[in-house]
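Have a look at the sequence and the model first, then read on.

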Amino acid sequence: MSWRTAPVTLTMLALCWLAFAFDFFVTGGRQEIGPLVAAGQIVPSLIQAGQWWRIVTSGFIHYGLLHILFNSYALFQVGILVEYVYGSARFRVIYLTALVAGGLA
């Protein structure tokens, strides 16, 4: 069990960090809501109006450095284990199912 055998975990971490870095640099490092957070956060009235992608995109955006650090640590620790036990294909399904279920909740 190694991070080298966890491509889905690493891909999800990379997507989260790319989105965070984009928002961080666009806002100049200030603690403001960047364009990706604004476009992807869960706003129930907008989801009901047809912006269903917010259910998925909300799983990749983070507000603040502590938020992404703690979430990345948890995903790294648990993701490597789950991906090792179930395999990359099943882990991808587990991850995306949990992401959508969390967005709907």
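## A glycine in H2

Let's start with Gly40, which sits in helix H2 (residues 35-40). Helices here are DSSP runs of H or I with at least four residues, strands are E runs of at least two, and both are numbered from the N terminus.

What does Gly40 contact, leaving aside its neighbours within four places in sequence? Arg54, Thr57, Ser58 and Ile61 are the partners, where contact means heavy atoms within 4.5 Å. Gly40 and Leu104 are 64 residues apart in sequence, yet their C-alpha atoms are 14 Å apart in space.

## Where this comes from

Keep in mind that this is a predicted model: local features need pLDDT of at least 70, side-chain atom pairs count only at pLDDT 80 or more, and totals for chains, interfaces and linings use all residues. Residues are numbered from 1 along each chain as its sequence is written, and side-chain values use heavy atoms, with hydrogens and water left out.

## The overall picture

The protein chain has 6 helices and 0 strands, so to speak an α-α-α-α-α-α pattern when read along the sequence. Its C-alpha atoms fill a box of roughly 40 × 30 × 15 Å along the principal axes.

Of the 105 residues in the protein chain, 29% are buried. Take the contacts between residues at least 6 apart in sequence: 61% of them join residues at least 24 apart.

## H1 against H5

Helix H1 (residues 7-26) packs with H5 at an angle of about 170°, their axes being 9 Å apart. Axes are lines fitted to C-alpha atoms, for helices over the stretch in contact, and angles run from 0 to 180 degrees between N-to-C directions. That makes H1 roughly antiparallel to H5; the scheme is under 35 degrees for roughly parallel, over 145 for roughly antiparallel, 65 to 115 for roughly perpendicular, and oblique for the rest.

On the H1 side, the contact includes Cys16, Trp17 and Phe20, and on the H5 side it includes Ile68, Leu75 and Phe76. By class, the contact of H1 with H5 has 14 nonpolar, 3 polar and 1 charged residues. Here Ala, Val, Leu, Ile, Met, Phe, Trp, Tyr, Cys and Pro are nonpolar, Asp, Glu, Lys and Arg are charged, and the others, Gly among them, are polar.

## H5 against H6

H5 (residues 65-86) also packs with helix H6 (residues 88-104), at about 130° and with the axes 7 Å apart. That makes H5 oblique to H6. Leu75, Gly79, Val82, Glu83 and Tyr86 of H5 meet Ser88, Arg90, Phe91, Ile94 and Tyr95 of H6. The residues in this contact split into 6 nonpolar, 2 polar and 2 charged.

## A histidine in the loop

Is His62 buried or exposed? At 9% relative accessibility, it counts as buried. His62 lies in the loop between helix H4 (54-57) and H5. Its side chain makes a polar contact of 3.3 Å with that of Asn71; such a contact is a pair of N or O atoms within 3.5 Å, where within protein one must be able to donate a hydrogen and the other to accept it, and residues adjacent in sequence count only if both atoms are side-chain atoms.

Notes: Buried means under 20% relative accessible area, exposed over 50%, partly exposed in between (1.4 Å probe, protein chains only).
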